[in-house]
Each structure stands twice: as structure tokens, then as C-alpha cells.
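Please look over the structure below. The report that follows works through it region by region.

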Amino acid sequence: MPRRVILALLLGLAACGPRGEITMAPEAAEVGTVERIYVASNRTFDGSRHEGVSFGRVDVSVPPQRKPGSITYPRKGAKPDPGTDFLVSGYARFNRPQDFRADLRRAVAARPQGDRDVVLFVHGYNNTFAEGLYRFAQIERDLRLPGVPMHFSWPSRGSPLAYAADRDSVLYSRDGLSRSIQIATEASGGKAILVAHSMGALLLMESLRQIAIAGDRRTLDRIGAVVLLSPDIDVGVFRTQARAIGRLPQPFIIFTSGRDRALNLSALISAEPVRLGNLTDARPVADLPVTLVDVGAFSSGDGHFNVATSPALMRILTQAQELNSVFSSDVGGGVGPLTRAALHVERAAQIVISPSF
């Protein structure tokens, strides 16, 4: 395909309004619902790479007047509106990793018994710091995730034309995420739950592989689940990563969609038929202890983040109070409220969720 056509497709996928920026508004805490996000990052304020990892804590005010799955930024030149805009109401920086870990541990201990996991989220390609942070706050609010939220922000260029540069930044960020995973597991009173989207899933798998090669099974055994959302990973690369990791954390869930336009374009650029995140057939990974969950029926727009942007799918997922049991081996007849979502099992390693009619 000619280069100009690929560029046009990239720009078309990215044409979705103004880019997200951090806006401070302490008064927003009195209007919105505050989601406190612990943050580890190896990116600088302007989005470039930083040697080492910085640690902080950010209070994100999620506005009450919005649709589930949506994120609204203040309009350029307009006064921020806490009723409709995502805003930062407060933040703190930690000079030392041990101070960050201690504060994270206190937040975990303050949770009710049985809700003391740390949920670590890794954003994907073409994300600014604000976009990754606000997206995680939105997911926290809309999906009511258990545990204490922690976000790893890696130095994506935040540009649709910087795909190759972002891939390099993934490799650059492996040490930083590996250390952040170790901190999350050390601070957790239960288990660390790892969630990654798009190219962030490649970073997560590379970091888990690195931890395994270093012989740190203690950290790997403290991981309670791995969830890959639309992972932008070559299927063969994923298989070698999984083999290097060895005993994969369980459950290990991969949300896929054959209607994911962004991953279809990624496959085209990579001269491949398919990426891990748009598999519609579990056979290429059926020998691995993973569960593919096909959510293509809920696709809209580019279909690249259905779990976070589809209100219908989010309603289904939030109905399931025990995701671990939902995505276990006992799914033959459907579990609990998911039976109403027309959940069908195609193979031992694949589930298709479709809207009920």
C-alpha cells in the first residue's frame, strides 16, 4: 500500500477532537467524584524520555455530567467546568521510591479486607500523559474496579505518525515498568492486577518476560491477573514471551475484536495478517493458558477500546461481581448475569460476548 494511503488512514483514526491536557482545578473535588491514581512514569513533562522513574499521586475529578465511557476536556480558551470536564484537583510527588511504596501500602491497608489489590494500568500508543491518566480514571469510575489504582505512564509521543518511535519507547521503558510491577506487588495486601491496552500490552509482556529471565518468581507469583485490552502484539512474539515467562499469572484474559480498525492498520503496516488483539480464532494460542474474550460486537468508531468506551459492554462487565469466576474454566453454561448477555463458548480458550436482543 502506498505510504500516502497509510498516512491518511493513520490521520483518519486519530481525528477525534482536541488532545488531552492536564488542567488543575482544586475546586473540582467539590463537584466531581475524585479518583486517586498512583503514578509511576519515565516520561518528562513534555512527553520525552526520562532515565529513571518518577513517582507521584494524582487526584482526578470525574465530572458528574457525562456519558459512561466518555472523557471531556476543557475547551481551549474556556473556563474549566467541573460538572462536565475531567480535571486534576490535587497531586503529590515522592522523591524516593520507598516513600511512594509506603504511601501506596497505606492506601491498600485502608481498603476493606478482600479489596486490597493494586490495579496497575499501562496505556497504549499515541497517548499524552493526560489521556492515559484520565482514561484510567474513567475506567476506574465506570467499571468500578477493585483495589488501589496505579498507572504507569511511558513516553509515547502522543502523535499518530510516531508509531515506530512509540515502539522504541516500549523497549526503552521495560526496566521502568518492571520496577513498577515489583513495587505494586510489594505494596499490595492481596495481589497485583495488571491491565494494559494496545501497545502498552507489548510493554507489559516484555517487562514480565524480563522479570522471569531475571529469576524473580516471587514478583510473578504475586500477580493475581493479567488483562490485555486490544493488545498490539505480533502473535508469534506473544507466544515466545509467554514461553519465556513460564507459568502465566491466572486468570490471563485477552480482549479481542476482529473489527478493531487500529489493529487492522497495525497488521497492515507490519505486513501481517493479524495482531493478537484482533484474533477471532483462538487456535493460534489455544495451547496457552489464556482466555480470549471477543467483544467485536460492541465496536464503534475505530473499535480499539471497546471495554472502556462501550456503555453496553461496560454494563455487562460491571454486572459480574466476580470476574475471576466468570472467566474461569466453568463457563460452559454462562455464569450469573452474563447468561443474559448471550455469552457463548466456542473453545476452551475463547469466549464471545454479544448484546442480548
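## S230 and its loop

S230 sits in the loop that joins β7 (223-229) to α8. The model is predicted. In it, the phi angle of S230 is near 45°, a positive value in a residue other than glycine. Is S230 buried or exposed? With a relative accessible area of 8%, S230 is buried, because the cut-off for that class is under 20%.

S230 also belongs to the lining of the largest cavity, together with residues that include L229, F255 and H304.

## The cavity

How many cavities of 30 Å³ or more does the structure hold? There is 1. The volume of the largest cavity is about 50 Å³. L229, S230, F255, T256, S257, V295, G303, H304, F305, N306 and V307 line the largest cavity. Two elements, β8 (252-256) and α10 (306-309), each give two or more residues to this lining.

Start with strand β6 (residues 192-197). It pairs with β7 in the parallel sense, over 6 bridges. A196 has L228 as its bridge partner in β7. Next, β7 pairs with β8, again in the parallel sense, over 4 bridges. Here L228 has I254 as its bridge partner in β8. Then β8 and β9 pair, also parallel, over 4 bridges.

In strand β9 (residues 291-294), T291 and V293 point one way. L292 and D294 point the other way. All four of these β9 residues are buried, D294 included.

## Nonpolar cores

Which residues touch the most other members of the largest nonpolar core? They are L228 and F238, in a core of 54 residues. Helix α6 (residues 199-213) supplies the largest share of this core, with 9 residues. A second, separate core has 36 residues, among them Y73, A137, A308 and L313.

L228 links several parts of the picture. Leaving out residues up to four places away in sequence, it touches A196, A201, L204, M205, F238, F252, I253, I254, F255 and L276. Two of these contacts, A196 and I254, are also bridge partners of L228. Another, F238, is the other residue named with L228 as touching the most members of the core.

P251 lies in the loop between α8 (235-245) and β8.

S266 is part of helix α9 (residues 261-269). S266 is buried, at a relative accessible area of 2%. What does S266 contact, leaving aside its neighbours within four places in sequence? The partners are Y163, D232 and R275.

A271 is in the loop between α9 and β9. Its phi is near 55°, a positive value in a residue other than glycine. A271 is exposed, with a relative accessible area of 71%, because the exposed class begins over 50%. S230 also has a positive phi, but S230 is buried.

## F86

F86 is found in the loop between β2 (49-62) and β3 (87-94). Is F86 buried or exposed? Its relative accessibility is 0%, so F86 counts as buried. Not counting residues up to four places away in sequence, F86 touches V60, S61, V62, P63, R66, S70, I71, T72, P74, Y134 and Q138.

How far apart are the C-alpha atoms of F86 and G20? They are separated by 9.5 Å, although the two residues are 66 residues apart along the chain.

## The whole chain

The protein has 12 helices and 11 strands. Of its 357 residues, 54% count as buried. Take the contacts in the protein with a separation of 6 or more: residues 24 or more positions apart account for 75% of them.

Conventions. Residues numbered from 1 in each chain as written. Predicted model: local features only at pLDDT ≥ 70, side-chain atom pairs only at ≥ 80, totals over all residues. Heavy atoms only, no water. 1 Å grid on protein atoms, 1.4 Å probe; cavity = no way out; pocket = protein on both sides within 12 Å on 5 of 7 lines; lining within 4 Å. Points joined across faces, edges and corners; volume = space filled by probe spheres on them. Core = buried A, V, L, I, M, F, W, Y, C linked by side-chain atoms within 4.5 Å. Buried < 20%, exposed > 50% of the residue type's maximum accessible area, 1.4 Å probe, protein only. Contact = heavy atoms within 4.5 Å. Pairing = 2+ DSSP bridges.
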